[in-house]
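Take a look at the structure below. We will walk through it feature by feature.

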Amino acid sequence: MSLPDVAAAHRLELQNFERAILAKQTQIESWFRTQWRHHHAPFYGSVDIRNSGYKLASIDMNLFPGGFNNLNPVFLPLASVAAQDAVERACAEAQSVLLIPENHTRNTFYLQNVYALYSILRHVGLNVRIGSINPEITQITTLETALGDHITLEPVLRQGNRLQLADGFTPCMILLNNDLSGGVPDILQGLEQKLLPPLKAGWTTRRKSTHFHAYNQVAAEFAKLAGIDEWTINPYYEVCSGLDFASHEGENRLADTVERLLQRIQNKYDELGIQDKPFVIVKADAGTYGMGVMSVHSADEVRGLNRKKRNKMAKIKEGLEVSEVIVQEGIYTYETLHGATAEPVVYMMDRFVIGGFYRVHEGRGPDENLNAMGMHFVPLHCNIVSPETEITEEDAASKREFQPWEQLGIVQTENVSQANDCESVRLYVYGVLARLSLLAAAIELENMPEIAV
């Protein structure tokens, strides 16, 4: 796969941005190393990025990523090295892990993600079992994934303050791939075992606005270091609460928030001579799976929403009602693959980038949410390590302290024009943006109180 096309009108702006980042690569990597000495990276995460050429920014940070099946399998050994580092930092003596997925069992593509994550952990040499807290799973159950692989779910039991399986398997560490949208079940509260991510990272308590509050701090410091305008990497946002989409409660307040933010974006566009029409994304302040999201170009669009749109915004995953939204600056995505709108999604374990993919949607435009039915995924690969190149475990082990650009086979260079048609540079920049969000998530979690049990 070659990189997506970038709209010609914004290609030069993108190249100038990439040059600015690459010129400070040494300082950036030193800065990241310093940050990770002071902040503990989440176990894993994924970041959605939008690229308009004149602005590249992370728009969402998921601490329970569910698309490991969409990563290029050639990087499995490198992902396993990152996983080993993450496990050792979390629990130095860990030899066994209990992986707890989401409760839904009919989404075979999600099950493929569970299989991929299981494979990464197994590749480290860990004893990995998959435990279910779904009350419908009362016995050992084998399920087939989208690609014909199989995973075995086992009912999780609680013995005192520890989780175990029926045969006595008691793991050192529990890894959640369940974002707790429906709340924190009693079985997970007050455990002695190391539980990652922590319960407070779930959507029961976490808010997107809290993440972007932390991101403001990170983006400001990074922009000063890199010598760039902070706006180019940081979307404006506001929070609007006390909403009831079903009854139109708070509608005018939401419209005022939208209008205020659109004007702020327009002022910035005028300052920079940008001709695009501003838009915002209104989305539930808690939640995932692209639910409870709409693109808005004027305040009038959120006044008198029709029933279909109100129903779309009123509830998200697990049927939870939406009463608070984040109104975020919309970023046009001017990248296309074979004419279809595309956006990069970057995956990380601990402080390392381990791969990613392009989310592609033929039926959506550059100002729309691409995380919707009809999307498909194209794995990232690089032109140094191609899909045909085998990476052995010995190769992976030799990169025990591998640098972020090495993870995708990206070489350092001081000249953008020498960087393999800019592919390596683009991937490096995406990795930088993703790690900024990861750092913000680390600070976010540090500032959140633990869940009372």
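Is Phe357 buried or exposed? Phe357 is buried, with a relative accessible area of 2%. Here buried means under 20% relative accessible area, exposed means over 50%, and partly exposed lies in between, with a 1.4 Å probe and protein chains only.

Some ground rules come next. This is a predicted model, where local features need pLDDT of at least 70, side-chain atom pairs count only at pLDDT 80 or more, and totals for chains, interfaces and linings use all residues. Residues are numbered from 1 along each chain as its sequence is written, and side-chain values use heavy atoms, with hydrogens and water left out.

Now to the aromatic rings. Rings of Phe, Tyr and Trp (its six-membered ring) pair if their centres lie within 6.5 Å. Planes under 30 degrees apart count as stacked, over 60 as edge-to-face and the rest as tilted. By this rule there are 15 aromatic pairs. Take Tyr44 and Phe68: their ring centres are 5.8 Å apart and their planes stand at 35 degrees, so this pair is tilted. Tyr44 sits in strand β2 (residues 44-51), and Phe68 sits in the loop between β3 (56-62) and α3 (76-90), so the pair ties together parts that are 24 residues apart in sequence. Helices (H or I, at least four residues) and strands (E, at least two) are DSSP runs, numbered from the N terminus. Tyr44 and Phe68 are both buried.

With Phe377 it forms an edge-to-face pair, 5.0 Å centre to centre and 80 degrees between the planes. Phe357 belongs to strand β18 (residues 352-361) and Phe377 to strand β19 (residues 376-379), so this pair links parts 20 residues apart in sequence. Phe377 counts as partly exposed, at 30% relative accessibility.

The rule asks for NZ of Lys or CZ of Arg within 6 Å of the ring centre and within 35 degrees of the ring normal. Arg129 lies over the face of Phe169, at 4.8 Å from the ring centre. Arg435 lies over the face of Phe32, at 4.3 Å from the ring centre.

Next, the backbone. Most residues other than glycine have a negative phi, and most peptide bonds are trans. The bond from Leu196 to Pro197 is cis, with omega near -15 degrees. Pro197 is found in the loop between β11 (194-196) and α5 (208-226). Leu180 has a positive phi of about 60 degrees, although it is not a glycine. Its place is the loop between β10 (173-177) and β11. Leu180 is buried, at 2% relative accessibility. His338 has a positive phi as well, near 55 degrees. His338 lies in the loop between β16 (335-337) and β17 (340-349). His338 is exposed, with a relative accessible area of 85%.

Last, the cysteines. How many disulfides does the structure hold? It holds zero. A disulfide is a pair of cysteine sulfur atoms within 2.5 Å. The sulfur of Cys91 is 5.5 Å from the closest cysteine sulfur, in Cys172, which is too far for a bond. Cys91 is buried, with a relative accessible area of 18%. Cys172 counts as partly exposed, at 27% relative accessibility.
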